[in-house]
Amino acid sequence: QPPTRRAMKWRAASRAASAAALKFQASRGSAGKIRAVKKPRPPDDPDSSKAAYSRALRWLTARELSEGQVRSRLADQGYTDTAINPAVERLLQDRTIDDRRAATAVARTEARVRRHGPHRVMGKLLAMRIDRDLAKDIVKDLFGEEDEEALLEKTLDIRLRGTPERLKDPRERRKILAYLVRQGFSASTASTAIRNKSKRSK
């Protein structure tokens, strides 16, 4: 007996629900947090530079973004180059977008708040789509030789938690060195800091 229209409709709905459930499960975070898959609503007029400008302005009111980030976000929202190019040009002209300002703010937060070293900060700036030469200048200005050494010393002290005798254990030294490298410090600089700290704690 052929299935009724109602049964066919129910089966189709069931398949759609199963597919949605699988997609929803796939979006679960690694820590068990659930993230709903939400596709951005396409703009009414993808070629409207005025709409693209307004959308970008709302983002930039909340936080600093680079030119590359704004372009990428607008494209993800469904705007065409016809809309994006004049909108971004206008934002650049009125300095709402300023890559040096945005990159400097992020670099300072990474270094002073999160205690990340120059390599990690450089990676963060490149991920923001900051020009490589500009990123290098900002990292160089932020991390003078003395500033980097002071930050590394502070990061090491915090990691040791007031127990420098941990450095007497070779396994602990390797762990701490690996941690400092992950934080963005070079292996040679971190090794020197660990050796100096170990000598002073004897």
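Relative accessible area sorts residues into buried (under 20%), exposed (over 50%) and partly exposed (in between), computed with a 1.4 Å probe on protein chains only. The model is predicted, so local features need pLDDT of at least 70 and side-chain atom pairs count only at pLDDT 80 or more, while totals for chains, interfaces and linings use all residues. Residues are numbered from 1 along each chain as its sequence is written, and side-chain values use heavy atoms, with hydrogens and water left out.

View 1. Tyr53 sits in helix α2, which spans residues 49-62; helices are DSSP runs of H or I with at least four residues, strands are runs of E with at least two, and both are numbered from the N terminus. With a relative accessibility of 10%, Tyr53 is buried. When neighbours within four places in sequence are set aside, Tyr53 touches Ala87, Arg90, Leu91 and Asp94, where contact means heavy atoms within 4.5 Å. Pro86 is 33 residues from Tyr53 along the chain, and their C-alpha atoms are 8.3 Å apart.

**View 2. Salt bridge between Glu67 and Arg71.** A salt bridge is counted when a side-chain nitrogen of Lys or Arg is within 4 Å of a carboxyl oxygen of Asp or Glu. Eight salt bridges are found by this rule. In the one shown here, the N to O distance between the side chains of Glu67 and Arg71 is 3.1 Å. Both residues belong to helix α3 (residues 67-77), and because they are four residues apart there, about one helical turn separates them. Glu67 is partly exposed at 24% relative accessibility. Arg71 is also partly exposed, at 27%.

**View 3. Salt bridge between Glu110 and Arg114.** The closest N and O atoms of this pair, Arg114 and Glu110, lie 2.5 Å apart. Glu110 is buried, its relative accessible area being 4%. Arg114 has a relative accessibility of 44% and is classed as partly exposed.

**View 4. Salt bridge between Asp157 and Lys197.** Asp157 and Lys197 form a salt bridge in which the closest N and O atoms are 2.5 Å apart. Asp157 is in helix α8 (residues 145-160) and Lys197 is in helix α10 (residues 187-200), so this bridge ties together parts that are 40 residues apart in sequence. The relative accessible area of Asp157 is 35%, which makes this residue partly exposed, whereas Lys197 is buried at 12%. Through salt bridges with shared partners, Glu153, Asp157 and Lys197 are joined into one network.
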